[in-house]
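Please keep the sequence and the structure at hand while reading.

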Amino acid sequence: MDMEAERSTPFIVSKAAEEIAQWKEKKEVINRMRQHLEKSKVWDDNPSSIQPFCNLRASPDIIGNAWEVLNNAKKVLHDMINGHQGNPVVLGFWNSDEVSEVQIGPVCSFDSTRLFCSLSSVQQALGCLAVSITQRTEHLINNNGKSISQLFSRRLEVFTEASLRDCLLQAQVIPAVLGRLNCAGGYDWAAPAAQAADSLAAWLSALVRLMSVNLVVSCAVIRNKLGEEAASLIGAGLQNLFFFKIQERSFAAFNPAEPFNFEDIIIFLEEKISQKNTNTMDSKCKMLSWGEEFPHQDMDNGKT
């Protein structure tokens with residue numbers, strides 16, 4: 001939506017940009033952004049700038065990096081859930097082809113350290129993403145405020161600043177030394193993975209608030225630049241979001257003297273996130289019968 005508002009060159013999400021992207025997640029982000037901008041007039045218009053606002057130009061890198069570390073964290077969590085060996089470890093023919101007799105030993109899988117480090121990477125990447133969204137929002141306000149009277153409101157600035165503050169507080173990497181507070185009797189080891197996970201859960205709520213003000217600003221700028229037909233001139237993947245849910249609740253649709261709050265937009269975004277998560281879980285965790293869901297275990301030889 002910020003690209004539609006800025007009206008600068010869309011080369012940053014072109015097929016050429018995707019081809020030269022350095023890693024898989026960045027390629028996926030560029031492709032997804034290009035799909036959202038399909039049939040947009042931004043591809044035909046004279047660009048407002050050959051060099052887009054630097055933060056906007058870097059958005060595929062910033063989002064791509066966040067996507068990469070999130071995928072890595074999901075892999076770590078998947079490995080933990082499916083591979084925990086317990087403490088003490090019990091090894092036998094049922095979980096090893098190399099051991100012929102049952103063995104018990106003090107080897108433990110200290111997976112809290114691995115999870116903590118992966119979640120810390122996610123915190124860093126999402127902190128960068130929050131700053132990026134804020135900078136783009138401020139850029140649109142500062143460069144379009146003279147022609148959009150509603151953008152003079154301090155509410156936008158205050159809400160942006162407060163939302164960014166909350167995002168950055170939760171995105172701060174927790175010092176490893178706090179792992180000692182998780183220890184039993186002060187001698188054991190447990191990295192502060194639980195605290196990192198809790199921070200990320202709180203970070204999502206702050207991000208939704210930050211995204212809501214960003215959408216209000218970008219949609220107001222789009223409507224000001226493209227007029228009443230704006231919804232039909234922007235990317236096909238953005239039209240429903242702009243016309244049905246954001247534009248009708250944006251400052252552009254209100255008298256400047258009337259009250260305005262972000263509650264409706266926040267609820268809408270939360271519902272979209274919840275719906276996305278539900279659809280993902282439904283597709284990956286389809287409930288089947290025991291024989292289809294789980295591998296059959298042959299009790300005669302003890303092997304799965």
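In helix α7, the buried residues are Leu156, Glu157, Thr160, Ser163, Leu164, Cys167 and Ala171. They sit on the same side of α7, because the arc they cover around the axis is only 145°. The model is a predicted one, and the values below are computed from it.

**Helix α7**

- Helix α7 comprises 18 residues, 154–171, and its end C-alpha atoms lie 26 Å apart.
- That distance agrees with expectation, since a helix of this number of residues should span 26 Å at 1.5 Å a residue.
- On the face turned away from the buried side, α7 carries the exposed residues Arg154 and Glu161.
- The cover over the buried residues of α7 includes two other helices, α6 (111–144) and α8 (193–226).

**Glu157**

- Glu157 is part of helix α7 and is one of the residues listed as buried there.
- Its relative accessibility is 18%, so Glu157 counts as buried; the cut-off for buried is under 20%.
- Beyond its neighbours within four places in sequence, Glu157 is in contact with Glu138, Ile141 and Asn142.
- Helix α6, which spans 111–144, is among the elements that cover the buried side of α7.

**Nonpolar surface patch**

- A nonpolar patch on the surface is formed by Val90, Phe93, Trp94, Val102 and Ile104.
- Together these residues have about 500 Å² of accessible area.
- Val90, a member of this patch, lies in strand β1, which runs over residues 89–91.
- Val90 has a relative accessibility of 36% and therefore counts as partly exposed, a class that lies between the limits of 20% and 50%.

**The chain as a whole**

- The secondary structure consists of 12 helices and two strands.
- Along the sequence, the elements follow the pattern α-α-α-α-α-β-β-α-α-α-α-α-α-α.
- The chain has 304 residues, of which 40% count as buried.
- Among contacts with a separation of 6 or more, 69% are between residues 24 or more positions apart.
- The chain exposes about 17800 Å², and 56% of this area is supplied by carbon and sulfur atoms.

Notes. Residues are numbered from 1 along each chain as its sequence is written. This is a predicted model: local features need pLDDT of at least 70, side-chain atom pairs count only at pLDDT 80 or more; totals for chains, interfaces and linings use all residues. Side-chain values use heavy atoms; hydrogens and water are left out. Helices (H or I, at least four residues) and strands (E, at least two) are DSSP runs, numbered from the N terminus. The expected span of a helix is 1.5 Å times one less than its number of residues. Buried means under 20% relative accessible area, exposed over 50%, partly exposed in between (1.4 Å probe, protein chains only). The arc is that of the directions from the helix axis to the C-beta atoms. Contact means heavy atoms within 4.5 Å. Patches are made of residues with over 30% relative accessible area and no salt bridge: like charges are joined within 9 Å, nonpolar side chains (Val, Leu, Ile, Met, Phe, Trp, Tyr) within 5 Å. Accessible areas come from the Shrake-Rupley method with a 1.4 Å probe; for residues, only the protein chains shown count as cover. A salt bridge is a side-chain nitrogen of Lys or Arg within 4 Å of a carboxyl oxygen of Asp or Glu.
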